[in-house]
Each structure stands twice: as C-alpha cells, then as structure tokens.
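Open the model in your viewer and keep the sequence panel beside it.

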Amino acid sequence: MKLPETFHIDGTSYGRETLAAFCETTMDNLAIPEWKRDLFSFIGLFLERSGVRIKQKTSGTTSDPKVYVLKRDSMICSARKTIQFFDLQPGDRALLCLPVHYIAGKMMVVRSLVGGLDLIMTEPSARPLKELNGSVSFGAMVPLQVHESIQHGDDLSLVKKLLIGGGELHPSIKGELTRIESTAVYESFAMTETYTHFALKRINGERPDSDFRLLDGVFVSQDKRGCLVVDVPGVTTGPVTTNDLTEIVPSGKGFRWLGRFDNVIKSGGIKIVPEMLEQRITRLIGYTCLVLPEKDAKLGEKLTLVVEYGEPDPPVDAWLEVLHAKLSVYEVPKRIVTAAKIPRNSSFKPDRIAVMRLLNDGTSLR
C-alpha cells in the first residue's frame, strides 16, 4: 500500500528518504533520550519497502501472551479505518504520548505517517498534556493518563478528538469526561490481534453512544459461549475469538460489552456476570463496587460485594434494603465489605485477583 510522499513530525516536513536517513542517525545517537530513539527506530523500520518484520507481544487477553508479527500493509489498512472514522485530514496535529513498545503507540505513529498528519512527540508519562504547546486534532491515552490529567487540572480540551483505551475508566473519571464540551471523547475496544481498536464508543456530547460502533469493514459474531468473535479483513488472518461476553446489536454494526467470560460466577446453579451486576449496584447505592466469588458449601460460590467507601460506619443495612428490593434473590450479595480504595492494576482496571487474595487471607480492605 502506498504512503504519502511527505511526512510531518513536530512541524517539520520530510521526504521519505530524508526521514529514513534521519531515523538511522537518531536511533544510534545515545545523547538522545531512549524513548525518542525507540520511536525513530520504529519509523525507520516501518518505512522499509520490503522484508519488514515488526514484532509485537500480545497482551494475553484472548490467549497466553505471544509474539505476533505485524504486517506493514495490515497496519496501514487499520490506520486508514481510524483516519476515516475520525475524519482526520493531512496536516492535522496528532499527539503521540504512548510508548512505541506497545501496539497503541505504534499505531498512532502509523496513522500519522499514513494520513499525512503532523506527529507531535512527547515523552510518555502520566501527564502527557503538561508540556504540550497548542492544541492537537487527535490523541490517544490510557486511563491512567486521563486520570492524572484530570487530577492535576491539565487541559484535556487541548485534544479535540480523544481516544481512550488499554483499560477501564473509573466511574468518577468517566463522569468528569462527560462534562467536557469541546473534546469528543471515545472509548476503544481493541486487541493486538486486530492491530488495536476495531470498535469505538463516544462517551460525551449531546448524543453519547450506548454501544460500541464497529469501524467500516469489521465483522462480529458470537461463539457458543456468547463471546465476541471479530474479523477484520485486511488485518486479521481470520476470525479472532475473545473471552468478552457481548450482545450484538440487531443491525450487526455494533455490540454492548457485558463482561469477561473468565469472571462469570456460578452461584446455586445460576450464572452471574459480575460486571453487569456491578453497574446496577453502583447505580443503586451510589458507590463503585466489585462483585466477587467466595467458596460456599451450599451454593458452590457465593456473591461477596466489595464497596469503595472511605468513611467509617458504612450503611450496610441500608444498602442491603435497597438491593433486596431491586435485585433478584440470586443477585443479592451474601456478604458486604468496604475498601477505602479498590486496588487497581497499571491499566487502571480493578485488580480482582488482588482483592480476592485479600478476602481469602482475611486481610482488612480498609
């Protein structure tokens, strides 16, 4: 697939051969920061016309982590889908604030090269907007970067179209994002195997999306478990099966994420999808929570509710009264504990394994 004749990085334009030579010089210069050398090393590799082998380790979402060889033409195909979705135009400024070790960082670079965008480089950090000069048309961040930016008052409106992926948004942060008017904010659904996102969901604005929307040319179905199967012609080598429980919309052009098959709890012969139940309970009691299984002689697994509540004397009886009134008998937790902060991993997802370990050890969560 053909690339543009001119590329733009930090406001400077390069021809293909000039940029390739600059990459070769830069990646060997130890006086230049490692993150920048890695970036230009990747650009130089991507610009090679033939025989290029770009390796990427998968996250392990769909199977055990493995090294995956990315095809250059497939990366271009994926990049064009994103460019089309966001209506990005040559010369638009695109913020790179993710390391190119990860597929998300690599694909931000490829989108800029393919679309003739001006790639604005910044050292990957928790606060990517801290040193940003001027606004950008497009940027991608992980939830931790969004969280830190909001906590420190960094101006997210500098990014006109913001893509968030790689983890789960805390409900309080999502609430903050819904109030931003000048930035279009999207959640992404992505995997290395699909060369990053294949579906997007806008979470702010006058008409936010209730479901993920598929990019053009993406096809989804379900396996017998109800888990998502995705096919991205030109990118994947065939259908990719996930462990994500979903409901596909009638048009076939989107889906609603329900939870992870790995997390399903079987209590008294009833299957409970904890992520769905957590959303309902959070709305009922007003606090972030986790629903986790604990071994039970009668039920096999019983539901334990962990509520993020930092004050003493939590109103457990009041919570139970509401839950008994609004939930089925199978959905009401058998035990409620509170945690000042629910442990989260580096992707800002609730760390279910860590919380389970604390529960099993009898360690206080407060």
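Begin by selecting L119, which sits in strand β6. Strands here are DSSP runs of E, at least two residues long, and helices are runs of H or I, at least four long, both numbered from the N terminus. The model is predicted: local features need pLDDT of at least 70, side-chain atom pairs count only at pLDDT 80 or more, and totals for chains, interfaces and linings use all residues. Residues are numbered from 1 along each chain as its sequence is written, and side-chain values use heavy atoms, with hydrogens and water left out.

**Around L119**

Is L119 buried or exposed? L119 is buried, with a relative accessible area of 1%. Buried means under 20% relative accessible area, exposed over 50%, and partly exposed in between, for a 1.4 Å probe and protein chains only. Now show its contacts, meaning heavy atoms within 4.5 Å. Leaving out residues up to four places away in sequence, L119 touches H8, I9, D10, A94, L96, M108, V109 and S112. For a sense of scale, pick K334: its C-alpha is 53 Å from that of L119, and the two are 215 residues apart in sequence.

**The second largest pocket**

Next, select M121, T122, P128, E131 and L132. Of the 14 residues that line the second largest pocket, these lie nearest its centre. Strands β5 (93–96) and β6 (118–121) are the elements that give two or more residues to this lining. The space is about 190 Å³. On a 1 Å grid over the protein atoms alone, a pocket is an open set of points with protein on both sides within 12 Å along at least five of seven lines; a cavity is a set where a 1.4 Å probe fits but cannot get out; lining residues have an atom within 4 Å of a point. Grid points are joined across faces, edges and corners, and a volume is the space filled by probe spheres set on them.

What classes of residue line the second largest pocket? Five are nonpolar, three polar and six charged. Here Ala, Val, Leu, Ile, Met, Phe, Trp, Tyr, Cys and Pro count as nonpolar, Asp, Glu, Lys and Arg as charged, and the others, Gly among them, as polar.

**Helix α5**

Move to helix α5, residues 143–151. Its buried residues are P143, Q145, V146, H147, S149 and I150. Their cover includes β7 (136–141), β8 (159–164) and α6 (171–178). Just after α5, G153 takes a positive phi of about 75 degrees.

**Y195 and T196**

Select this pair. Most residues other than glycine have a negative phi. Y195 has a positive phi near 55 degrees, and T196 has a positive phi near 75 degrees. Y195 is in the loop between β9 (184–191) and β10 (196–202); T196 lies in β10. Y195 is buried at 1% relative accessible area, and T196 is buried at 8%.

**The cavity**

How many cavities of 30 Å³ or more does a search of the whole structure find? The search finds one. Select S78, K81, T194, H197, F198, L215, V218, V232 and V235 to see the lining. Helix α3 (72–86) and strand β10 each give two or more residues to it.

Now pick D216, in the loop between β11 (212–214) and β12. Beyond its neighbours within four places in sequence, D216 contacts K81 and Q84.

Strands β12 (219–222) and β13 (227–231) run antiparallel, joined by four bridges. Strands count as paired if DSSP finds at least two bridges between them. S221 stands opposite V229. The hairpin has four residues between its strands, and G226 takes a positive phi near 90 degrees.

**Last stop: a three-strand sheet**

Select β18, β19 and β20, which form an open, mixed sheet in that order. β18 (289–296) and β20 (335–339) stand at the edges with a single partner strand each, so one side of each has no neighbour in the sheet. β19 (300–308) pairs with β20 in the parallel sense over five bridges. There, V306 has V337 as its bridge partner. Helix α8 (316–326) lies across β19 and β20, at about 130 degrees to β20. Axes are lines fitted to C-alpha atoms, for helices over the stretch in contact, and angles run from 0 to 180 degrees between N-to-C directions.
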